[in-house]
Amino acid sequence: MEEIEISSYPLDQLLLSANHRHEKIDRVTAGSISYDQFFRNFMQRNRAVVVEGIVQDWECFQRWIDRSVVPPKLNVPYLKETLPNGPVPVADCERQHYNSHEKLEQSLFEFLQSWETDDDRESTRKRFYLKDWHLRSLLPEYRFYRTPALFTSDWLNEYLVEQGADDYRFVYIGPKGTWTAFHADVFGSYSWSVNIFGRKRWYLLPPGEERKLLNSLRQLPFSVTEQSLRDAGVTFFTIEQKAGEAIFVPSGWYHQVMNVEDAISVNHNWFNGCNVGTVWDNLRSSLADVRREIDDCHDMDNFDDHCQVMLKASFGMDYADFLAIVLYVCDKRLKSIQEEGAEKVKQIDDYVLGKHHVMFDLGAIRDLLGEMVEKKYLDCYPALNCLAVNCLKKLVSVGLTL
Ligand SMILES: O=C(O)CCC(=O)C(=O)O
Ligand SMILES: [Fe+2]
């Protein structure tokens, strides 16, 4: 099993306090960047990067595309043979629904039908985008890709997959001209996206730049162009992503993505010890929004619990969900250092965590829970506060100082 490891723990302070401006998006090659370098230079610093040469051995890269024809095209017969003809989520890129595209369901074969013939390309193909497809959890035995080592420290999917719950691992198949509207990713998570076919054009904005685009109602635009971004004085980057390249999208970076050719990608949303604090800040600020919205009900019974229900509906998780992930991750790592001869900490796709990484994760959890308790963020939720306090006690008992 391949080990994911950082070179030291604690991390040096110089790195952590490093302040930087976003002047360009680096391009690196998969073979020449170590996990430790990616961890320090990009995840810790919340900087975007393109990683070239990442997927040559993936089954989907080799088999889903027919490269014997010019130009290469989706291997529809192979996909039909290999995948079940179940319902798939499709976005209609010609219809806006609030701040994204209208969603519908098609059967896989119905979606693939328009890829088989070239005749009616322009008329029917260009609007439907198969996206957010949970193919990996649908067919757990079908290993059509392996998460690149750089992206394997993933508390969100580690927890969800091991619980058998809905995960954040997706496949996207979009004909030329389909696109994803301007957004930042769920929870303030990171995302990685590997293109296995075709080309995508990304507009990427460092966090905070999107505020220059707010209208008088404090709403962000549904779509942006290079011109509209320039007119608003926004700092942004345009990236052309080719097949075999990964993009690391850090937390809170707004982006819009266009399939400039027929394109297929695999994508995960995730968080870990580097950005869990950002996810927590977003969760807290969403709760503050909810509380403001229903402030006139403040005197009702169970107001705080009601706010959590609304938080879950709007944000996608509540405080209890978030703590469940953090405590699960914590217990798994604690077990590995407390029990003599314990197994290493397993990660997604048969990786294991090295010792420094285990300590880094535990340190991040100590910092997070320490702040929650000290700043009394959980005071309205005594049962959750109690869980956090107990977990902190366990961390102290293994030698982590508060
Ligand atoms: O490829 C796309 O259309 C969107 C991808 C995306 O938004 C992401 O990976 O975060
Ligand atoms: Fe995204």
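What follows is a chat about a predicted model.

User: Okay, where do I start? What domains does the chain get?

Analyst: The domain assignment gives domain 1 (2-6 + 20-270) and domain 2 (275-398). Keep in mind that this is a predicted model.

User: And how many Å separate the centres of domain 1 and domain 2?

Analyst: Their centres, taken over C-alpha atoms, are 28 Å apart. Where the two touch, 24 residues come from domain 1 and 19 residues from domain 2.

User: Which element gives the most to the domain 1 side of that contact?

Analyst: That's helix 8, with six residues. Helix 8 (155-163) and strand 1 (2-4) each supply at least two residues there.

User: How many residues on that side are nonpolar, polar or charged?

Analyst: The side of domain 1 that touches domain 2 has 10 nonpolar, eight polar and six charged residues.

User: Let's stay with helix 8. Which of its residues are buried?

Analyst: Trp 155, Leu 156, Asn 157 and Glu 158 are the buried ones. They pack against strand 9 (169-174), strand 16, helix 10 (276-293), helix 12 (319-338) and strand 17.

User: What happens just after helix 8?

Analyst: You reach Gly 164, which takes a positive phi of about 70°.

User: Which other residues have a positive phi without being glycine?

Analyst: Asp 132 is one of them, with phi near 55°, and Asp 349 is another, with phi near 60°. Asp 132 sits in strand 8 (residues 128-133), while Asp 349 is in the loop between strand 17 (346-347) and strand 18 (351-353).

User: Why does Asp 349 count as partly exposed?

Analyst: Asp 349 counts as partly exposed because it has 19 C-beta neighbours inside 10 Å, and being buried takes 20 or more. Asp 132 is partly exposed too, with 17 other C-beta atoms within 10 Å.

User: New topic: the core. How many residues does the largest nonpolar core have?

Analyst: It has 102 residues, and Ile 196 and Phe 248 have the most contacts inside it. Helix 13 (residues 355-374) gives the largest share, nine residues. The core also draws at least three residues from each of domain 1 and domain 2.

User: Which residues is Phe 248 in contact with?

Analyst: Leaving aside neighbours within four places in sequence, Phe 248 is in contact with Phe 42, Ala 48, Val 49, Val 51, Tyr 190 and Trp 192.

User: Now the ligand. What surrounds ligand 1?

Analyst: Around ligand 1 you'll find Tyr 172, Thr 180, Asp 185, Ser 191, Ser 193, Lys 200, Val 249, His 255, Val 257, Ser 265 and Asn 267. The elements giving two or more residues to that shell are strand 11 (190-197), strand 15 (254-259) and strand 16 (263-270).

User: What does UniProt annotate over residues 136-287?

Analyst: An unreviewed UniProt entry carries the annotation "domain: JmjC" for those residues. In this model, the span is 20% helix and 32% strand, and its end C-alpha atoms lie 32 Å apart.

User: Switching to prolines. Where are the cis peptide bonds you can show me?

Analyst: One is the bond from Tyr 9 to Pro 10, with omega near 0°. Another joins Val 70 and Pro 71, where omega is about -5°. Pro 10 is placed in the loop between strand 1 and helix 1 (13-16), and Pro 71 in the loop between strand 4 (65-66) and strand 5 (73-74).

User: What about Pro 84, buried or exposed?

Analyst: Pro 84 is exposed, because it has 10 other C-beta atoms within 10 Å and 12 or fewer counts as exposed. Look for Pro 84 in the loop between helix 4 (76-82) and strand 6 (87-97). Its C-alpha is separated by 15 Å from that of Val 171, 87 residues apart along the chain.

User: Last one: where does Leu 327 lie?

Analyst: Leu 327 lies in helix 12 and is partly exposed, with 19 other C-beta atoms within 10 Å. Leaving aside neighbours within four places in sequence, Leu 327 is in contact with Leu 387 and Cys 391. Leu 327 and Gly 354 are 27 residues apart in sequence and 19 Å apart in space, C-alpha to C-alpha.

Definitions and conventions: Residues numbered from 1 in each chain as written. Chains lettered and ligands numbered in written order. Predicted model: local features only at pLDDT ≥ 70, side-chain atom pairs only at ≥ 80, totals over all residues. Core = buried A, V, L, I, M, F, W, Y, C linked by C-beta atoms within 7 Å. Helix = DSSP H or I, 4+ residues; strand = E, 2+ residues; numbered from the N terminus. Domains from an automatic or database assignment. Contact = placed C-beta atoms within 7 Å. Nonpolar A, V, L, I, M, F, W, Y, C, P; charged D, E, K, R; others polar. Near = placed C-beta within 6 Å. UniProt positions renumbered as here; feature names shortened; annotations may be inferred.
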